[in-house]
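Student: Could we go through this structure together, one part at a time? I would like plain explanations of the terms as they come up.

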Amino acid sequence: MDRKTFLGTTALASVGLFSHSISLPVFSKKNKINIGLIGVGARGQSHLDELCKRDDVEIIALADPDSDWAIPSSLEILKRRSRKEPQIFGKDDNDYLRMLEMKEIHAVIISTPWEWHVKQGIAALEAGKKVGMEVAGAISIQECWDIVHAVERTGTPLMFLENVCYRRDVMAVMNMAKRGVFGELLHLQGGYQHDLRAVKLNDGKSPYGKGVEFGDNGFSEAKWRTPHSVNRNGELYPTHGLGPIAMMTDINRGNRLVSLSSVATKSRGLHKYIVDNGGAQHKNAAVDFKLGDIVTTLLTTANGETMMLSHDTSSPRPYSLNFRIQGTHGLWMDDLQQIHIEGKTKPHVWETDQTWMETYDHPLWKKYSAEAKNAGHGGMDFFVLNAFVECCKNNEEFPLDVYDMATWSVITPLSETSVKEGGSKQDIPDFTQGKWSSRKNTFNHRADY
Ligand SMILES: NC(=O)c1ccc[n+]([C@@H]2O[C@H](COP(=O)([O-])OP(=O)(O)OC[C@H]3O[C@@H](n4cnc5c(N)ncnc54)[C@H](O)[C@@H]3O)[C@@H](O)[C@H]2O)c1
């Protein structure tokens, strides 16, 4: 597809998901939107800082019970960015409900611990606030259905803020896939391979600090994320790996995930880290972590592709999302940025992907590379928030929606059952309830936001 055609297809971006009309305020492009943030820890503050760069957004409320760090640091960001002080809702864990009573709030962004996502998302939708929902999303099968039903019942939309769908190389490779460079897609890989030992265990004062504390004695994610490693064994963080490859294979838009099977290694890394850094006598050396160090999940799709996800957060290793996209003409891999395309690259060897990345750089990245330059995670955080804000302002459907949230999140509880049952096959529910076959994938055609 040439650039002209590419731009011409943006109208498709508004092809309908909701058959009923959405009774929410319509914003002209000039209008500002008023946003309330629920959860302003590490991630919420990064969203806050990014949103403060925009003149079409006002942050009018923050809800977070942490008055020691989260709220004061957020207020500092607002001051540094010369923004007005918002209303603070920090009395307790449920004070976000009072914030949702504020009529002036048009949209909320939820960046809280995983166990709060669906509860807070449903409350916000019922209050008529558009929702930007951080990953990981829902944590049980029931929660996946509950959030889908809440969007359908209220007619208020939710965007799943899976930022990796906007990574520059990922968008270029999606562009290549959609333009047939790989031929027909066969097998895709993704994952979350991130040494989180110093995030899951710290000194209670800072992330990446020395220390082997977690739970009430931990700081930031060590407070709430680590208990998931104690109590659960499965693919606990599927969406960074799955989101991009799901968009490349039209999942929920002409294709769907059908089944999965997961296996886990033994659990060693977190215990070893505690012993190495806190000593064998430290009380946490007695903790029995259920999460296997490496969890591998195989998925099948209705259109005949296979996928593999890897969750690997407790071992020494360089960061990688382990992407690999393979089709009938060749393949690309994220690690070492390598490509092989039959007839275009030398036979039987990998080549560097640099010129391919330049040739297929996505129009969105060409358009916004200056704005994205200093945004989080190599710029991709700009794009996910830009899409959220612009869709709110223009009353358009979100590019990543509640069906994506449910379909990508349900991998976690299903993988837990599969691991427990020695790799048993689990059927993946169709949260679109049949709509997947007629929905269109317009993600790669988006040239505005
Ligand atoms: N997309 C990404 O790249 C990315 C990166 C980091 C984190 N995240 C996600 O963002 C979320 C938050 O992670 P984090 O690193 O900011 O964790 P964090 O622990 O630093 O922040 C969580 C914040 O939520 C607050 N909170 C807890 N219960 C609350 C409640 N009931 N109401 C309001 N606030 C509440 C806590 O006080 C804390 O300030 C997680 O879901 C995480 O997976 C996504």
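Tutor: Helix α5 (residues 117-126) and helix α6 (residues 141-154) have axes that come within 9 Å and cross at roughly 10 degrees. Axes here are lines fitted to C-alpha atoms, for helices over the stretch in contact, and angles run from 0 to 180 degrees between N-to-C directions. Helices (H or I, at least four residues) and strands (E, at least two) are DSSP runs, numbered from the N terminus. This is a predicted model, in which local features need pLDDT of at least 70 and side-chain atom pairs count only at pLDDT 80 or more, while totals for chains, interfaces and linings use all residues. Residues are numbered from 1 along each chain as its sequence is written.

Student: So are α5 and α6 roughly parallel or roughly antiparallel to each other?

Tutor: With that crossing angle, α5 and α6 are therefore roughly parallel. Angles under 35 degrees count as roughly parallel, over 145 as roughly antiparallel, 65 to 115 as roughly perpendicular and the rest as oblique.

Student: Which residues of α5 and α6 make the contact?

Tutor: On α5 they are Val118, Gly121, Ile122, Leu125 and Glu126, and on α6 they are Glu143, Asp146, Ile147, Ala150, Val151 and Thr154. Two residues are in contact if their C-beta atoms, placed from the backbone, lie within 7 Å. By class, the contact of α5 with α6 has six nonpolar, two polar and three charged residues. Ala, Val, Leu, Ile, Met, Phe, Trp, Tyr, Cys and Pro count as nonpolar, Asp, Glu, Lys and Arg as charged, and the others, Gly among them, as polar.

Student: New topic: what does the domain assignment give?

Tutor: It gives domain 1 (23-156) and domain 2 (168-363 + 402-437), with bounds that come from an automatic or database domain assignment. In the model, 15 residues of domain 1 are in contact with 16 residues of domain 2. On the domain 1 side, α6 gives the most, with five residues.

Student: And where does the ligand lie?

Tutor: Both domain 1 and domain 2 give residues to the shell around the ligand, so it lies between them. The ligand is surrounded by 27 residues, and the closest are Gly39, Gly41, Arg43, Asp66 and Ala70. A residue is near a molecule if its C-beta atom, placed from the backbone, lies within 6 Å of it.

Student: Which helix supplies the largest share of that shell?

Tutor: That is α2, with three residues.
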